[in-house]
Amino acid sequence: MDEILLHISQRLEALQVLLSSTLSSSRSHLQEWARQIAPCVARLKEIFASCVHQLGDTAAAFRENASTIFARTWNNASPIMAELQERLWLILQWLKEVIAQFWDMISQRSRLPSLPSSVSPPKIPDTVLQNGLFRALKANETPFKDIMSQRSLGFAIGCVVGLTLGLNWRHKSLYSPVFMKAISISSAKGIEGVSMVDDSPSPVILEADQVLIEVVASSIDPVDLAICTGYGRAVRRLLGVSEQSLVLGRDCAGVVVEVGRGVAWVARGDEVWLAVPPWRTGAMSELVVAREQQVALKPKMLNFEAAATVPYAALVAWDAAVTQGGLSPQSASGKRILVRDAGSAVGCVLVQLCKLWGAHVTAVVSARGKEVARQIGASEVLVASIDLDMEIRSRPRYDIVFNTVGSSLNVLCHRAVDPDGKVICTAPAAIPADSYGFIFGSLYALWARLKYFLQGHDLMIKPWSPVNQGRTILEQIRKLVESGQLQPVVDRVFSAADAELAFQHASSSTAVGKTVVHFRSQAKWHIPGWQPGKHTVSPYRPSVAMLSRSEQKSLLNRVFAP
């Protein structure tokens with residue numbers, strides 16, 4: 001009992017030391033950040049004061065210019081207004097004579113005589129004389145001219161305003177909206193909200209570096225399952241991405257339909273694959289628009305269903321192995337590497353890359369993925385079981401442990417890694433802002449926008465930079481696929497109408513590799529000799545979607561024959 005209490009006290013002391021060091025480190029970081037931001041705040045104040053001063057000068061100059069222009073316009077219009085006033089006065093004098101003679105005719109009950117050149121003023125009844133207009137006509141009063149001047153000016157201004165509005169009026173063009181099929185989610189309640197819709201607005205090219213692609217097949221990634229429960233909604237809200245009927249799908253393969261005027265890498269009719277970052281609307285639809293740097297040519301060896309399983313998983317795996325792990329053909333040779341859940345899409349790519357570069361790879365898979373792990377070249381295969389942790393700890397420690405499951409396995413992964421080794425997690429990183437309420441979410445949004453304004457980087461989309469600039473990496477992946485060194489793993493292929501079943505299968509513990517959603521047959525784009533049933537998927541077991549060496553050689557001879 002004393003020993004237990006001693007251990008507990010030691011643990012508490014260690015925890016206290018850890019907390020105190022963490023608090024001191026946080027305090028120093030906050031002080032450093034405050035010192036760094038102080039010049040920025042001062043600079044902002046100077047900029048704001050300068051802007052206010054410039055706005056005041058601009059407003060004063062505008063007032064002076066406006067008064068000068070108005071005075072000049074009034075001076076130029078005065079002669080015209082005077083001439084117009086004289087003409088109106090002559091017309092009114094003539095009307096005065098006509099009314100006087102007409103009144104005499106009525107009073108004398110005589111016929112209308114010819115108008116004389118000069119007539120005497122008519123005798124108008126007192127009721128009519130009370131009218132201000134006739135009073136002004138009779139007395140030839142000066143205020144009448146002032147009244148007519150004002151009314152004439154108002155009439156002229158009204159004509160000018162009306163003419164200007166008429167010339168600048170533009171009717172909004174009415175067009176029939178174009179809709180497409182897409183797999184979307186209407187609420188963040190899980191995969192129960194996944195469905196196929198027929199009225200999703202079709203995307204269009206808005207910028208010079210964008211590409212419009214007709215999607216033939218798309219695959220389901222674990223980050224799509226996380227998006228179904230609200231993952232990344234804070235980032236999408238900050239960046240103005242609509243959450244209503246959010247389209248899923250992180251990668252796809254298809255055919256280029258149209259390109260922007262600044263696109264030079266791909267052309268219409270090219271078969272391509274691409275990956276979409278999680279903060280953007282997805283690619284699981286009939287049409288998708290992406291930037292040129294996210295699109296690369298599809299390997300000629302693969303059909304669209306197999307190609308749709310690679311891009312996003314390959315980019316994540318490449319970033320984990322090369323950028324974070326520092327692996328390469330020169331540095332990976334002889335290293336011991338453990339891949340937890342090697343049956344996932346990222347795990348399959350990691351196993352093949354590390355094995356290709358000469359490392360000893362131990363793959364942990366489910367019973368259903370055991371055969372797949374052997375096919376893709378794992379040096380050692382362990383089936384997940386209750387005694388798995390004990391079995392891993394009984395072996396020599398690993399230089400790098402790739403955790404493709406999530407933070408729940410971080411403790412077990414650290415037990416298996418060498419003290420000088422690394423544990424690299426490839427699962428979608430948790431975003432605390434997704435769970436903030438309205439008040440804290442608003443404060444976080446304000447802080448994020450201020451940080452973006454001061455530091456000038458892409459907020460929280462930095463972790464997905466390999467996806468934003470994926471063309472270079474996808475080109476290297478394409479070469480590995482075409483040389484037979486990297487093989488996509490396809491689990492099941494579903495039609496778009498069975499999207500709910502596809503997501504249920506992808507979220508199950510029996511899924512291996514990628515689950516594909518197929519939109520429509522593109523047989524005219526397939527390479528002659530390709531057999532989808534043979535090389536894509538079996539309905540009962542996952543398959544490695546790759547041609548054999550002899551089939552590759554024969555196919556290349558047919559494709560590149562003169």
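This report covers selected strands, helices and one surface patch of the structure. The model is predicted.

Strand E15 takes in residues 514–518. Five of its five residues are buried, so the strand is largely enclosed by the rest of the structure. In a regular strand, side chains alternate between the two faces of the sheet.

Two strands pair with E15. Strand E3, residues 210–220, runs antiparallel to E15 and is joined to it by four bridges. Here Ser218 has Val517 of E15 as its bridge partner. Strand E14, residues 489–495, runs parallel to E15, with five bridges between them. In this pairing Phe494 stands opposite Val517.

**Strands E12 and E13**

A further parallel pair is formed by E12, residues 398–403, and E13, residues 417–425, over five bridges. Phe402 stands opposite Ile424 of E13. From E12 the chain passes through helix H12, residues 410–416, to reach E13. This β-α-β crossover is right-handed.

| Strand pair | Sense | Bridges |
|---|---|---|
| E3 and E15 | antiparallel | four bridges |
| E14 and E15 | parallel | five bridges |
| E12 and E13 | parallel | five bridges |

**Helix H15**

Helix H15 covers residues 471–482. Does its length fit, or depart from, what its residue count predicts? Its 12 residues, at 1.5 Å a residue, should span 16 Å. The end C-alpha atoms are 16 Å apart, which agrees.

Which residues of H15 are buried? They are Ile473, Leu474, Glu475, Ile477, Arg478, Leu480 and Val481. An α-helix has 3.6 residues a turn, so residues three or four places apart point the same way. After the helix comes Gly484, with a positive phi near 85°.

**The nonpolar patch**

Ile4, Leu5, Ile8, Leu12, Leu15, Leu18 and Leu19 make a nonpolar surface patch of about 670 Å². One of them, Leu15, lies in helix H1, residues 2–108. Is Leu15 buried, partly exposed or exposed? Its relative accessible area is 43%. Buried means under 20% and exposed means over 50%, so a value in between counts as partly exposed. Leu15 is therefore partly exposed.

Note on methods. Residues are numbered from 1 along each chain as its sequence is written. This is a predicted model: local features need pLDDT of at least 70, side-chain atom pairs count only at pLDDT 80 or more; totals for chains, interfaces and linings use all residues. Side-chain values use heavy atoms; hydrogens and water are left out. Buried means under 20% relative accessible area, exposed over 50%, partly exposed in between (1.4 Å probe, protein chains only). Two strands pair if DSSP finds at least two bridges between them. The expected span of a helix is 1.5 Å times one less than its number of residues. Patches are made of residues with over 30% relative accessible area and no salt bridge: like charges are joined within 9 Å, nonpolar side chains (Val, Leu, Ile, Met, Phe, Trp, Tyr) within 5 Å. Accessible areas come from the Shrake-Rupley method with a 1.4 Å probe; for residues, only the protein chains shown count as cover. A salt bridge is a side-chain nitrogen of Lys or Arg within 4 Å of a carboxyl oxygen of Asp or Glu. A crossover is right-handed if, with the strands pointing away from the viewer, the path from the first strand over the helix to the second runs clockwise.
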